[in-house]
Amino acid sequence: MATSGTQRPGGRTERTRQAVLHATLDLLAERGFGELTVDAVAERSGVHKTTVYRRWSSPDGLVAAALQMGAEDDWTAPDTGSLEDDLYEVAAEVVRYFTEPALKELPTASVLAAFQSPQAAEALHDFYADRHVRMAPIAERAVARGEIPAGTDGDELVRAVCGPIFYRLFLSRESVTVAEARVTARAVAVAAREGAFVRPGV
């Protein structure tokens, strides 16, 4: 994952990286981690398999690198002017990504890959850690507006609003819609106003 001050490779090297990692994501969505092979990625990407093996070495390395691309996007946290609505937008986005037919295969396969590959698990952890950093302004703005107490833990807000969605998706296997996202967002916003997510000792 690129960090501040690190230059990503350019030119042909970058085109190769993009081709391979996008092919990895396509095949991950289509086949799942268990059926992903370096040879298949090489064939799909048009990059010689020797190059793919040399740089990424295994399906684990490919999936980890592909998931790390998520930190390269320009996603920003919603800013609706209301804590409840901000939380709703976050939860509703999770619902859409994991339920809409055109979107759901890749995020679902990515989560499942994390249970099969330590490298994929680390990459997925880093992806969500990055999202937590980007969502920090949600709590900060809510504190500034006087909606919630100072010292409210923004990470816990995000976990609280997304947790019930992931429970339905991956544990109880219940259907989930944006209606559930609204209920969850409202409940978390109410709890936050009462200080439920204030860091201990603050």
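Glu 147 is found in the loop between helix α7 (118-144) and helix α8, in a model that is predicted. At 22% relative accessibility, Glu 147 counts as partly exposed, a label for values between buried (under 20% relative accessible area) and exposed (over 50%), using a 1.4 Å probe and protein chains only. Helices here are DSSP runs of H or I with at least four residues, strands are runs of E with at least two, and both are numbered from the N terminus.

Because the model is predicted, local features need pLDDT of at least 70 and side-chain atom pairs count only at pLDDT 80 or more, while totals for chains, interfaces and linings use all residues. Residues are numbered from 1 along each chain as its sequence is written, and side-chain values use heavy atoms, with hydrogens and water left out.

**Around Glu 147**

- Leaving aside residues up to four places away in sequence, Glu 147 touches Gly 81, Ser 82, Leu 83, Ala 142 and Arg 193; contact means heavy atoms within 4.5 Å.
- The side chains of Glu 147 and Arg 145 make a polar contact at 2.6 Å. Such a contact is a pair of N or O atoms within 3.5 Å; within protein, one must be able to donate a hydrogen and the other to accept it, and residues adjacent in sequence count only if both atoms are side-chain atoms.
- Arg 12 is 135 residues from Glu 147 in sequence, and their C-alpha atoms are 50 Å apart in space.

**Aromatic rings**

- The whole structure holds 5 aromatic pairs. Rings of Phe, Tyr and Trp (its six-membered ring) pair if their centres lie within 6.5 Å; planes under 30 degrees apart count as stacked, over 60 as edge-to-face and the rest as tilted.
- Phe 98 and Phe 170 form an edge-to-face pair, with 5.7 Å centre to centre and 85° between the planes.
- This pair links distant parts of the chain, 72 residues apart: Phe 98 is in helix α5 (residues 83-99) and Phe 170 is in helix α8 (residues 154-171).
- Phe 98 is buried, at 9% relative accessible area, whereas Phe 170 is partly exposed at 24%.
- Phe 170 also pairs with Phe 166: the ring centres are 6.2 Å apart and the planes are at 20°, so this pair is stacked.
- Phe 166 and Phe 170 are separated by about one helical turn, because they are 4 residues apart in helix α8.
- Ring pairs join Phe 98, Phe 127, Tyr 128, Phe 166 and Phe 170 into a cluster.
- Arg 182 lies over the face of Tyr 88, at 4.1 Å from the ring centre. A charge sits over a ring if NZ of Lys or CZ of Arg is within 6 Å of the ring centre and within 35 degrees of the ring normal.

**The whole chain**

- The chain has 9 helices and 0 strands.
- Along its principal axes, the C-alpha trace spans about 60 × 40 × 30 Å.
- Of the 202 residues in the chain, 42% are buried.

**A region from the record**

- The unreviewed UniProt entry places a "DNA-binding region" at residues 37-56. UniProt positions are given in the numbering used here, feature names are shortened, and annotations may be inferred rather than shown by experiment.
- Residues 37-56 are 80% helix and 0% strand, with the end C-alpha atoms 11 Å apart.
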